[in-house]
Each structure stands twice: as structure tokens, then as C-alpha cells.
Amino acid sequence: MAFGINRSEMNIWKDKVLSGEIAYLTHYWIDHRFPGIRTVTKVGCADLVKLGSWCEQHGLEPRYIHRREKFPHFDLFGRKQKEILIKEQQWEQINRFKL
């Protein structure tokens, strides 16, 4: 379940994803399979080739892309989440979610 974002932020992310941009959306998250993890960043792009290349560029496996019909995305959390958000200069998300 997602917390800490509003509908407007979600819609902006969706619009960017649909337009073929690499889009970042961080939110609070609770999943008992991942103890100690409190945030996730969804990196989305409707262009699967572009999203796959983004994964490879960051040392991630494209096979873990969630291939949702309209909103394919890769979930980042933990150490890799912060590392990649810093590399991609996503300062607002880093500061907002105290990563």
C-alpha cells in the first residue's frame, strides 16, 4: 500500500510514463516481505526498451520490470534506491522521504 503521495503526483507520474519518459515516484510503503524497508521508488516508462536500457545502465536486471499494461515500472528500495536516486539527482524525493 502506498502512503505519502497525492493523486496529482500519481497522475503526473502516469503522464510521464505514458509519454515514454523515465519517471520516478517515491512513496512510503509497507510490505512484510521486506522488513525495515519503508519506501519504494517506482521507475516507470511505457517504452520497455528504454526502461530495460535504464535498468542495465544501473546494473539492474530488466527481467524484474513489472510489465503492467499501461504503466511498466521497476521497483527500487533499500541501498540501491538511494544510490540511484542520488545518481539521477532526484533531490526532492531524497529529501522528502529522508533517504
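Which residues of the largest nonpolar core touch the most other members?

Mentor: This is a predicted model, where local features need pLDDT of at least 70, side-chain atom pairs count only at pLDDT 80 or more, and totals for chains, interfaces and linings use all residues. Numbering runs from 1 along each chain as its sequence is written, and side-chain values use heavy atoms, without hydrogens or water.

Of the 13 core residues, Val43, Leu51, Trp54, Cys55, Leu60, Phe74 and Leu76 touch the most other members. A nonpolar core is a set of buried Ala, Val, Leu, Ile, Met, Phe, Trp, Tyr and Cys residues joined through side-chain atoms within 4.5 Å. Buried means under 20% relative accessible area, exposed over 50%, partly exposed in between (1.4 Å probe, protein chains only). Helix 2, strand 4 and helix 3 each supply at least two residues. Helix 2 gives the most, with three. Helices (H or I, at least four residues) and strands (E, at least two) are DSSP runs, numbered from the N terminus.

Now helix 2, residues 48-57. Leu51, Gly52, Trp54 and Cys55 are buried there. The buried residues pack against strands 2, 3 and 4 and helix 3.

Phe74 has contacts (heavy atoms within 4.5 Å) beyond four places in sequence, among them Val43, Cys55, Leu60 and Tyr64. A second, separate core of five residues includes Trp13, Val17, Leu25 and Phe71.
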